[in-house]
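Trainee: I have a structure open and would like to talk it through with you, piece by piece. Could we look at it together?

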Amino acid sequence: MNRLTLTGLFLAALLILSSCLRDDLQPCPPLQVTLSVKDKNYFNIDDAAKLGLLERKADDLPFRDYVHTLYYIVHDTLGNVVAEQKNTQVSDDAQTQTITLPVDLPYGKYIVTVWGNMESEEPLGDNPTDAEMEAAGAAANDIYLACDTFDYRYGKEAYTMGLERTKGNLLIKAEGIPDNIDFSTKSVEDIYGKVDAAFRYSSLTDIQTELEWEVQNEIQSQTLMCPSPSYEGTTLGVSFIDRSAVAAQQAASRAVSTRPILRPADVHITMGRNEITILKYVYDTEEDGFNIFLRVNDEWEQIHTMEID
């Protein structure tokens, strides 16, 4: 091969490499991030499914069957926002979603933060890299999160991210409850209320919920919430209520024939990310008290016996 041919090949190679310079008319391939769902089911979903409490989701459903809204924001290493998509409904049936950054984005490192299943951007406040999990738009939602740093350069334009759950599921089942009970309340004390893009939890808070029963005697409730601060670091209190008896008692200032409120003893629980915490309250009419069971390693473990306030 002669020197002239070598020189021509060298110039051709330079031309190809220079085709991705930012002042050229031909733009470089843009940075693309493909989103998938990592936590399609809870870690212990099979035990809950065995009990008939929840169903396992198939692993090949459309993305929106797990995560139906997406918000993302992209920062450079100096903290400047270079791209943002407001909370948007996922409308197609694809199993993944793709973020395509602007074609004029310079090469460099970028931090991509993605939130899923928020109903609004209110939980993000002024800092979209953390969220208030008990704010409107997130409190009752199964919030997902992913965050990663990508080195965007020639030949490294495509990356992937897997969204993970931020919360666990508190599932309570009650059995043998008297016919007059038609309402229940739940109080959860000392649970994390905030999470940042690195899955660091903070800001202990309390949660109060109410449930109107549609079926007598046996009820089941679910409440999504962030993890506990420590082992058994969260206190759970439940009340089973006969609303008509309470109203009559208050109106007449007198006792009624049935127990208007059943209040089992408080229990200490441990909530975990992407885990189901399952409790069962069994009312014993003869003893007029509750046996309380916690699901541990696919077995029922009794944690309180015949106590009622």
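Trainee: Before we go on, where do the coordinates and numbers come from?

Mentor: This is a predicted model, in which local features need pLDDT of at least 70 and side-chain atom pairs count only at pLDDT 80 or more, while totals for chains, interfaces and linings use all residues. Residues are numbered from 1 along each chain as its sequence is written, and side-chain values use heavy atoms, with hydrogens and water left out.

Trainee: OK, which strands does S10 run antiparallel to?

Mentor: S10 is joined to S6 by 3 bridges in the antiparallel sense, and Glu132 stands opposite Lys194 of S10. Two strands count as paired if DSSP finds at least two bridges between them. With strand S11 (residues 201-212), S10 pairs over 10 antiparallel bridges, and Ser184 has Leu211 of S11 as its bridge partner.

Trainee: And how many residues lie between S10 and S11 in their hairpin?

Mentor: There are 4 residues between S10 and S11, and Phe199 in that turn has a positive phi of about 60°.

Trainee: Changing topic, what is the order of strands in the open sheet of 7?

Mentor: The order is S3-S2-S5-S7-S8-S1-S4, with mixed pairing. The edge strands, each pairing on one side only, are strand S3 (81-89) and strand S4 (97-100). Neighbouring strands of this sheet are turned by 20° against each other on average, direction ignored; the axes behind such angles are lines fitted to C-alpha atoms, for helices over the stretch in contact, and angles run from 0 to 180 degrees between N-to-C directions.

Trainee: Which residues touch the most other members of the largest nonpolar core?

Mentor: They are Leu35 and Val114, in a core of 26 residues. A nonpolar core is a set of buried Ala, Val, Leu, Ile, Met, Phe, Trp, Tyr and Cys residues joined through side-chain atoms within 4.5 Å. The elements giving two or more residues to this core are S1, strand S2 (69-76), strand S5 (108-116), strand S7 (144-152) and S8, and S7 gives the most, with 4 residues. A second, separate core holds 24 residues, including Ile207, Ile219, Leu279 and Ile292.

Trainee: Why would such residues be buried together?

Mentor: In soluble globular proteins, nonpolar side chains tend to be buried together.

Trainee: What does Leu35 touch?

Mentor: Not counting residues up to four places away in sequence, Leu35 touches Phe63, Leu70, Thr96, Gln97, Ile99, Val114, Met161 and Leu163, where contact means heavy atoms within 4.5 Å.

Trainee: Now the charged residues: how many salt bridges are there?

Mentor: The structure holds 16 salt bridges, a salt bridge being a side-chain nitrogen of Lys or Arg within 4 Å of a carboxyl oxygen of Asp or Glu. In one of them, the side chains of Glu121 and Lys86 meet at 3.7 Å, N to O. Glu121 lies in the loop between S5 and strand S6 (130-132) and Lys86 in strand S3, so this pair ties together parts that are 35 residues apart in sequence.

Trainee: Are Glu121 and Lys86 buried, exposed or partly exposed?

Mentor: Glu121 counts as partly exposed at 27% relative accessibility, and Lys86 is partly exposed too, at 47%.

Trainee: What links Glu164 and Arg273?

Mentor: Their side chains meet in a salt bridge of 3.4 Å, N to O. That pair links distant parts of the chain, with Glu164 in strand S8 and Arg273 in the loop between strand S15 (267-269) and strand S16 (276-284), 109 residues apart. Lys38, Asp39, Glu164 and Arg273 are linked in a network of salt bridges.

Technical notes:
Buried means under 20% relative accessible area, exposed over 50%, partly exposed in between (1.4 Å probe, protein chains only).
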